[in-house]
Amino acid sequence: MNHFTIFASKNDIEDVELKISDAFAKGFAIVKSENEYSIKSKALFKKHKFIIRVMSEDTNPDYFTKNIPGMMGYYDNIPFEDDNLKELVLTQISVLNTVIAIESEKEITEEQLLLFSRLLSTIGGIGFLPNGTLLDDEGVVIVYPDGQSGPSDFRPHACTRKIMGQAVSSEEGEQRKNKTIAFLKENAIPYTASLPQLPPIEACQFKTQEDIARRAVALLIVIQFACDVAQGGNVEESRDFFINMLRKYEVEDDLINNERDFLQASEPDAQEAINISWQYEAYWTLIWALGFVEKLDVPEEVCDCEHAIQVVSNYETFEQFYQETTMRNQEEILDEADKIYRYHWACVDSRIQEQTAPAGMNESIVMERRRGLFWMIGHRDEAWDNISMDT
């Protein structure tokens, strides 16, 4: 093992530099470059070098947008022997917004692991080992990769900025927020009045009907390749087939960079394949907006993948597909975005309260549907792989 990662939920990372300096004050030389630290041991015969990278949701939002849904899905699929512990772990993952990634040029020794665990205890949060083992902030095992519980008496921690809202900014936004809250009350789903409203229609940067249609087709095709990779299929054969599909529908230019890199990688990353596969749920919101899905139900069941595929495969060209789209109005899309935003808060809050998600919701589904809806409304003009997941 030559990696050790600390995940945390923090209001800011201003104190992290001091904590790193304190942890390696004795016997190490520290050189800082922005949010990266090069740490070298001063020992004459046992020289070691570590690189520590500090990232937050503010400084590296794409990292969290790309990795947290996949991390949620990974631990959601582990057969925990203690279901309550699983809920607690997923709660913690859902509110993570800071990562301290430690990489050693040599195998990490027990002595060094102890140093990293001490840093973990000062930072707070959880430690992640490459095999999937999770540690609490005292370095005690929370759960092993096979789902067996460790001895830790683990409780999740969320910083205030992950659960507090902001002030009202428009009458339209407030009306939409109140309409959503009335729906949540009617369906016995928890809510908080402090969660901010979304911006009014005129302040959004809605994607065009063609933008959404092209994103939907390109995404579906790369999802199919990701599913093949995740299931251990013939990568080269699958790659050739789906590249030809991208060309057939003329949507090669509508891939985002990480999808293009994934498709062209000689050995596609298995975790990346899982992350992209989960985006079936984001794709589902796109084809809903285009009129191919009647309604977006409470996100408790995964989407109908067979229908999702047929929506595009029924047509020979992109133009044929596009001609059959019927764009929903902006108000309807923004209403659904507001609803998924408050669903997400309800999921996070329920986990923090050590309760199951309300209405049977699956937070991994919620997060991906939020990606699709927030991208369509142009919330903060964030890119597809850079949609913030704050609640």
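User: Hi! Before we start, what kind of model is this, and how are residues numbered?
Analyst: Hi! Residues are numbered from 1 along each chain as its sequence is written, and side-chain values use heavy atoms, with hydrogens and water left out. It is a predicted model, where local features need pLDDT of at least 70 and side-chain atom pairs count only at pLDDT 80 or more, while totals for chains, interfaces and linings use all residues.

User: Great. What is the strand order in the open sheet?
Analyst: The order is β2-β3-β4-β5-β1-β6-β7-β8, an open sheet of eight strands with antiparallel pairing. Strands here are DSSP runs of E with at least two residues, helices are runs of H or I with at least four residues, and both are numbered from the N terminus. Two strands pair if DSSP finds at least two bridges between them.

User: Which strands stand at the edges?
Analyst: Those are β2 (28–33) and β8 (141–143). Each has a single partner strand, so one side of each is left without a neighbour in the sheet.

User: And what holds paired strands together, in general?
Analyst: Strands of a sheet pair through backbone hydrogen bonds, either parallel or antiparallel.

User: Let's look at β5. How many bridges does β5 make with β4, and how many with β1?
Analyst: β4 and β5 pair over seven bridges, in the antiparallel sense. β1 and β5 are also antiparallel, over six bridges. For landmarks, I52 has I102 in β5 as its bridge partner, and F7 stands opposite V99 in β5.

User: Is β5 mostly covered or mostly open?
Analyst: Mostly covered, with five of its seven residues buried. Buried means under 20% relative accessible area, exposed means over 50%, and partly exposed is in between, using a 1.4 Å probe and protein chains only.

User: What about β1 and β6?
Analyst: Strand β1 (residues 3–8) and strand β6 (residues 126–128) pair in the antiparallel sense over three bridges. T5 stands opposite F128 in β6.

User: Which helix lies across β1?
Analyst: That is α4, which runs at about 10° to β1 and also lies across β2, β4, β5 (98–104), β6 and β7 (134–135). Axes are lines fitted to C-alpha atoms, for helices over the stretch in contact, and angles run from 0 to 180 degrees between N-to-C directions.

User: How do α1 and α4 cross?
Analyst: The axes of α1 (residues 16–23) and α4 (residues 110–123) come within 10 Å and cross at roughly 150°. On the α1 side the contact uses V16, K19, I20 and A23, and on the α4 side L115, L119, T122 and I123. Contact means heavy atoms within 4.5 Å.

User: Now α10. Is α10 enclosed or open?
Analyst: Helix α10 (residues 280–289) is largely enclosed by the rest of the structure, because ten of its ten residues are buried. Those residues pack against α6 (209–230), α9 (270–277), α11 (305–313), α13 (330–352) and α14 (363–377). Just after α10, G291 takes a positive phi of about 90°.

User: Which non-glycine residues have a positive phi?
Analyst: A188 is one of them, at about 55°, and A359 is another, also at about 55°. A188 sits in the loop between α5 (171–186) and α6 and is exposed at 67% relative accessibility. A359 is in the loop between α13 and α14 and is partly exposed, at 39%.

User: Last one: where is H48, and what does H48 contact?
Analyst: H48 is in the loop between β3 (36–41) and β4 (49–56) and counts as buried, at 16% relative accessibility. Beyond its neighbours within four places in sequence, H48 contacts I39, K40, S41, E105, K106 and Q112. The C-alpha atoms of H48 and I108 are separated by 9.4 Å, though these residues are 60 residues apart along the chain.
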